[in-house]
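These are my notebook entries on a structure that I was asked to read through. I kept each entry to what I looked up and what I found.

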Amino acid sequence: MPEILIVAVAVVAFYLWSVYNQLVTIKTRIQASIQEIGNQLKRQADLIPNLVSSVKGYMKHEKAIFDELTEARKAIMKVVDSGDPQKLIDASQRLQSAFAPIRAVFESTPQLQAAGPTTKLMDELRDTADKVMYSRRTLIDLTADYNIKTVTFPSNLVAKMFGFKQEAGLKVPEGETTTPKVEL
Amino acid sequence: MVNVYEQQDSNKRRSLLVVAFFVVFVVLISWVFAQVLDYGSGLMGLALIFAGIISFGSYWWGDKMILAISGARPANKKEDFNFFTVAENLAMASQIPMPKLYVIDDSAPNAFATGRDPKHAVICATTGLLQKLDRTELEGVVAHELSHIRNYDIRLMSLVTILVGMITLLVDWLLRSARLSDGNRERGNLGAILLVAGLISALLSPLIAQLIQLAISRRREFLADSSAVLLTKYPEGLARALAKINADKEPLEAANKATAHLYIVNPFKGQKSIGMFANLFNTHPPIEERIKILKEMV
């Protein structure tokens with residue numbers, strides 16, 4: 001029965017083809033979201049010097065804050081091209097915490113809020129931080145998807161055949177492991 | 001709970017149904033009209049073509065029509081920084097293309113989404129909304145609108161807006177011509193009966209139209225609220241935004257009967273408690289209930 005054989009081979013080939021494509025697609029999107037995190041970190045790092053000079057007048061006696069901010073910026077510059085998501089996220093977290101006291105000062109200083117440039121910078125930083133957060137979340141979801149495909153039967157056979165390995169992914173930070181309860 | 005895919009399918013199905021309903025309705029009205037005024041069946045053919053063109057037009061250009069009715073301008077990143085970037089981020093997170101953004105110049109805070117599918121979608125906010133909400137709250141509102149887009153609520157809702165608007169116009173026109181033809185009395189008994197039938201259908205149809213709005217609008221608000229929370233993972237933001245929008249008593253001038261059901265919160269605030277029918281025809285679930293459900297998700 002050569003017809004049945006041909007059909008069977010075609011079905012298997014189709015399956016291989018589709019799983020292979022799925023894996024490649026997810027992998028590309030994982031890379032893209034890592035890159036997005038890197039891009040946003042670069043933007044954050046570029047915004048820092050301007051921010052420092054715009055708030056310096058209001059925070060004369062707080063050299064330690066600015067030092068930590070500069071250090072955090074350097075840390076970003078160091079890892080930004082590494083493509084290692086965990087390092088990127090750690091650097092971004094460090095910047096965010098270094099950034100917190102400045103935000104506090106900004107929120108309690110009406111003169112600073114009235115001056116346009118600082119507000120603009122704060123908005124930009126908030127946006128880049130949001131973008132990092134959403135990219136990180138996408139990265140976590142995609143990695144989970146991908147890893148499930150590489151271990152569950154029968155897609156794991158295809159993964160093994162073409163040498164798709166598990167992705168390391170990210171540590172899910174505290175507080176995001178609890179999904180909000182949804183009821184209708 | 002209905003899942004997103006079921007909701008998408010049901011919305012696509014209902015969109016077709018609404019169009020079919022509209023075509024049948026227009027042909028029926030034209031039939032009554034032709035009987036009363038002694039026109040041939042040519043009128044029905046004309047009505048069929050008319051209904052077809054209108055339906056296609058509202059599918060293809062529904063978003064543009066609605067934006068034009070509401071008097072919206074395109075948003076840009078410089079002037080509407082938070083709106084623009086929040087939409088950009090959430091679109092990325094929900095993995096749909098970034099929708100086009102529009103702003104209505106009105107101090108009453110409100111927002112809606114329209115379009116025919118995620119690739120041709122629009123989110124529109126009032127300047128009042130952009131000024132009164134902080135970024136976190138705005139994120140909740142934009143996520144709610146994005147959920148409408150992803151669920152294909154926008155297709156159904158835009159079609160309904162335009163077609164219901166058309167029915168209302170048609171009925172207005174019919175009533176007026178019925179009143180005009182009341183003058184000549186030389187018609188027989190049949191004419192009078194058909195005239196009555198015409199009048200009844202003319203009176204009933206706004207009611208039917210309103211009921212469509214009701215039937216398709218309430219549960220999808222709840223669903224969009226919960227999908228929004230899945231996106232932002234922060235129910236508090238949307239809850240605060242809804243409370244703020246609700247506390248604002250200013251009615252939105254850009255909204256009318258046909259577009260009211262599009263908005264995140266009923267734009268005719270304060271006017272809703274008039275008469276016993278008010279609650280029956282309310283297109284939105286009560287805000288308090290929505291906030292309560294959101295608070296329970298925390």
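The entries below take the conventions first, then chain A, then chain B.

**Entry 1. Conventions.**
I am working with a predicted model, in which local features need pLDDT of at least 70, side-chain atom pairs count only at pLDDT 80 or more, and totals for chains, interfaces and linings use all residues. Residues are numbered from 1 along each chain as its sequence is written, while chains are lettered from A and ligands numbered from 1 in the order in which they are written.

**Entry 2. Chain A, overall.**
I looked up the secondary structure of chain A and found 6 helices and 0 strands. Helices (H or I, at least four residues) and strands (E, at least two) are DSSP runs, numbered from the N terminus. The order of elements from the N terminus is α-α-α-α-α-α.

I then checked the dimensions. The C-alpha trace of chain A spans about 85 × 45 × 25 Å along its principal axes. The radius of gyration of chain A is 23 Å, whereas a compact globule of 184 residues would come near 16 Å. That radius is taken over C-alpha atoms, and the globule rule is 2.2 Å times the number of residues to the power 0.38.

Of the 184 residues of chain A, 26% count as buried. A residue is buried if 20 or more other C-beta atoms lie within 10 Å of its own, exposed if 12 or fewer, and partly exposed in between, with C-beta atoms placed from the backbone. For contacts in chain A between residues at least 6 apart in sequence, I noted that 77% join residues at least 24 apart. Two residues are in contact if their C-beta atoms, placed from the backbone, lie within 7 Å.

**Entry 3. A cis peptide in chain A.**
Which residues does a cis peptide bond join in chain A? The bond lies between Phe153(A) and Pro154(A), with omega about 0°. Pro154(A) sits in the loop between helix 5 (116-151) and helix 6 (155-161) of chain A.

**Entry 4. The sheet of chain B.**
I traced an open sheet of 4 strands in chain B, with the order 1-2-4-3 and mixed pairing. Strand 1 and strand 3 of chain B are the edge strands, each pairing on one side only. Neighbouring strands of this sheet are turned by 25° against each other on average, direction ignored. Axes are lines fitted to C-alpha atoms, for helices over the stretch in contact, and angles run from 0 to 180 degrees between N-to-C directions.

I followed the pairings one by one; two strands pair if DSSP finds at least two bridges between them.

- Strand 1 (residues 72-74) and strand 2 of chain B run antiparallel and are joined by 3 bridges; Arg73(B) has Val103(B) as its bridge partner in strand 2.
- Strand 3 (residues 111-117) and strand 4 of chain B run antiparallel with 6 bridges, and a hairpin joins them through 2 residues. Ala111(B) stands opposite Ala125(B) in strand 4.

Are these strands covered or open to the outside? Strand 2 (residues 100-104) of chain B is largely enclosed by the rest of the structure, because 4 of its 5 residues are buried. Strand 4 of chain B is mostly covered, with 6 of its 7 residues buried.

**Entry 5. Helix 5 of chain B.**
Helix 5 (residues 135-150) of chain B has 16 residues and reaches 22 Å from its first C-alpha to its last, close to the 22 Å expected at 1.5 Å a residue. The expected span is 1.5 Å times one less than the number of residues. Helix 5 of chain B lies across strand 3 and strand 4 of chain B, at about 25° to strand 3. I found 14 of its 16 residues buried.

Most residues other than glycine have a negative phi. Gln95(B) is in the loop between helix 3 (81-93) and strand 2 of chain B. Gln95(B) counts as exposed because it has 12 C-beta neighbours inside 10 Å. Tyr152(B) lies in the loop between helix 5 and helix 6 (153-181) of chain B, and is buried, with 23 other C-beta atoms within 10 Å.
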